[in-house]
Amino acid sequence: MRFKLDENLDPRLAPVVAEGGHEVDTVLDEGLSGKDDDAVYQACLASGRILVTLDLDFSNPFRFPPAPAEGIIVVRPPRPVLSMIRAVLTGGLPRIKEGFRKGQLWIVEPERVRIYDPSDPIE
């Protein structure tokens, strides 16, 4: 899988994600630091990468639709400190690797994952 870590995630997390055999770059790597969310979203569309972020703005599928993108993963630790972010992210990676499909929005929390898939039929 190909990921882009948003600037609100410590770049030291890139090797942690890459250990799972994933390709990882960061917003910092691309010189997108300080750019608005729309620019980051467009960069992910252009590069074919799944955005990984702490930014709840990306959890709004009407503002940032996951369907045309590779997907969006919003990490929700109990507190935004590196150790907790790392724990939630590494805890969710096996499930992400196993079940993530193109165009989905995943909210990854300590004990659960919520998935929005725009292709799912409305019941």
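This is a predicted model: local features need pLDDT of at least 70, side-chain atom pairs count only at pLDDT 80 or more; totals for chains, interfaces and linings use all residues.
**Notes on the sheet, its helices and its salt bridges**

1. Strand S5 covers residues 104–108 and pairs with S6 in the antiparallel sense, over four bridges. Here Leu105 turns up again, standing opposite Tyr116 in S6. As a reminder, strands of a sheet pair through backbone hydrogen bonds, and the pairing can be parallel or antiparallel.

2. Now for the whole sheet. It is open and mixed, with six strands in the order S2-S1-S3-S4-S5-S6. The edges are taken by strand S2 (23–26) and strand S6 (113–116); each has a single partner strand, so one side of each is left without a neighbour in the sheet. On average, neighbouring strands are turned by 20° against each other, direction ignored.

3. How many residues of S5 are buried? Five of the five are, so the strand is largely enclosed by the rest of the structure. Gln104, Trp106 and Val108 point one way from S5, while Leu105 and Ile107 point the other way.

4. Helix H2 (residues 37–47) packs on it and touches strand S1 (2–5), strand S3 (50–53) and strand S4 (71–75), with its direction at about 160° to that of S1. Helix H3 (residues 82–99) lies across S1, S3, S4, S5 and S6, and runs at about 145° to S5.

5. Where does H3 bend? The bend is at Leu93, by about 35°, and a proline, Pro94, follows within four residues. Leu93 is also one of the buried residues of H3, together with Ile85, Val88, Leu89, Gly92 and Ile96. The buried residues of this helix pack against S1, helix H1 (13–18), S3, S4 and S5.

6. Turning to charges, the structure holds eleven salt bridges. One of them joins Arg2 and Glu23, with the closest N and O atoms 3.4 Å apart. This pair links distant parts of the chain, since Arg2 sits in strand S1 and Glu23 in strand S2, 21 residues apart. Both ends are partly exposed: Arg2 has a relative accessible area of 34%, and Glu23 comes to 40%. The two also belong to a salt-bridge network that links Arg2, Lys4, Glu23, Asp25, Glu30 and Arg49.

7. In the pair Asp57 and Arg63, the closest N and O atoms are 3.8 Å apart; Asp57 is partly exposed at 37% relative accessibility, and Arg63 is partly exposed at 41%. In the pair Glu109 and Arg112, the closest N and O atoms are 2.5 Å apart. Is Glu109 buried or exposed? Glu109 is buried, with a relative accessible area of 17%, which falls under the 20% cut-off.

Methods
Residues are numbered from 1 along each chain as its sequence is written. Side-chain values use heavy atoms; hydrogens and water are left out. Two strands pair if DSSP finds at least two bridges between them. Helices (H or I, at least four residues) and strands (E, at least two) are DSSP runs, numbered from the N terminus. Axes are lines fitted to C-alpha atoms, for helices over the stretch in contact, and angles run from 0 to 180 degrees between N-to-C directions. Contact means heavy atoms within 4.5 Å. A salt bridge is a side-chain nitrogen of Lys or Arg within 4 Å of a carboxyl oxygen of Asp or Glu. Buried means under 20% relative accessible area, exposed over 50%, partly exposed in between (1.4 Å probe, protein chains only). The bend at a residue is the angle between axes fitted to the seven residues ending there and the seven starting there.
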